[in-house]
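Subject: Handing over a structure, with notes

Dear colleague,

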Amino acid sequence: MITKSIPNMFTLGNLFLGMVAIMLAFNGKYSLAAIMVIVAMLLDGLDGRVARALNCQSEFGKELDSLSDVISFGIAPALLMYTISFQNMPEALAWIVTAIFPMCGALRLARFNVKPGIPGYFIGLPIPAAGSVLATLSLFHKEITAPYFIIAMLLLSYLMVSSVRYPNFKKIGLPRKALWFAPWVVAVAVLVAVRFPDQLTKLIFVPLVIYALYGIKQNIDRMLGKGGPNSHSSEKTYRSKH
């Protein structure tokens, strides 16, 4: 019974950090708020791997994960962007743009839960990646003006509900022997993040953006026929099995 609860503890940790990020954003601690979203992404990546390593996946865990993701990677980053950059914009526009992001995230999660995907890929930008990009992007508010943030926020919203493929890295599993080190890894990540919030968040921003742009490039290459003979092999294999 306790073993089956371990993945849900990581998921609840993800949810907790999302709530902390929201409170930090409203208290003006923007760098720490962004860090909480990043660490929540780490926990989100661990819960599924822990569940597979312990062979205790469940529909309950799947639904809990989706509900947590809406808050940690949908609502929290959107509110962070709103508080840090949208306060001086026309109120209606700021509210609409802020609301669109978690709404698209919720649609992305609902589609993921009910629609079969393609092995090895996510269909649409995963909400943890989108939320983390938005959270870290908000820290550049001194260099980037609000209109560009709006464009970026709407683009990320579109990518979540699009058919663009992104590698899911699920083949990178977590050995059972390494499970007991996972909480320590999270604890160290939190300590480092709190100690160097500005430097770490802006450093993490780069690979996150590369991941988001990678999916767009792959989609363009596929539409232009540059994907090569293996570009459709996974989809054909998937269809042949269903």
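A residue is called buried here when its relative accessible area is under 20%, exposed when over 50%, and partly exposed in between, with a 1.4 Å probe and protein chains only. Please bear in mind that this is a predicted model, in which local features need pLDDT of at least 70 and side-chain atom pairs count only at pLDDT 80 or more, while totals for chains, interfaces and linings use all residues. Residues are numbered from 1 along each chain as its sequence is written, and side-chain values use heavy atoms, with hydrogens and water left out.

The overall picture comes first. The protein chain has 9 helices and 2 strands, where helices (H or I, at least four residues) and strands (E, at least two) are DSSP runs numbered from the N terminus. Read from the N terminus on, the elements follow the order α-α-α-α-β-α-α-β-α-α-α. Of the 242 residues in the protein chain, 47% are buried. The accessible surface of the chain comes to about 13200 Å², with 70% of it belonging to carbon and sulfur atoms; such areas come from the Shrake-Rupley method with a 1.4 Å probe, and for residues only the protein chains shown count as cover. Among contacts (heavy atoms within 4.5 Å) with a separation of 6 or more in the protein chain, 84% are between residues 24 or more positions apart.

Two packed helices are described by the angle between their axes and the distance between the axes. The axes are lines fitted to C-alpha atoms, for helices over the stretch in contact, and the angles run from 0 to 180 degrees between N-to-C directions. Angles under 35 degrees count as roughly parallel, over 145 as roughly antiparallel, 65 to 115 as roughly perpendicular, and the rest as oblique.

Helix α4 (residues 91–114) packs against helix α5 (residues 127–137) at an angle of about 160°, and their axes are 10 Å apart. That angle makes α4 roughly antiparallel to α5. The crossing of α4 and α5 is right-handed, handedness being left-handed if the near helix is turned anticlockwise from the far one by less than a right angle, and right-handed if clockwise. In this contact, F101, G105 and L109 of α4 meet I127, A130, G131 and L134 of α5. The residues of the contact divide into 5 nonpolar, 2 polar and no charged, where Ala, Val, Leu, Ile, Met, Phe, Trp, Tyr, Cys and Pro count as nonpolar, Asp, Glu, Lys and Arg as charged, and the others, Gly among them, as polar.

The axes of helix α2 (residues 30–54) and α5 come within 9 Å and cross at roughly 160°, and α2 and α5 are therefore roughly antiparallel to each other. Here α2 passes α5 in a left-handed crossing. On the α2 side the contact holds A34, V37, I38, M41 and D44, which meet P128, G131, S132, A135 and T136 in α5; these residues divide into 6 nonpolar, 3 polar and 1 charged.

For α5 and helix α6 (residues 146–161), the axes come within 10 Å and cross at roughly 175°, so that α5 and α6 are roughly antiparallel to each other. I127, A130, V133, L134 and L137 of α5 meet F149, A152, M153, L156 and M160 of α6, and the residues of this contact divide into 10 nonpolar, no polar and no charged.

- From C-alpha to C-alpha, G120 and N168 are 5.7 Å apart in space, although 48 residues apart in sequence.
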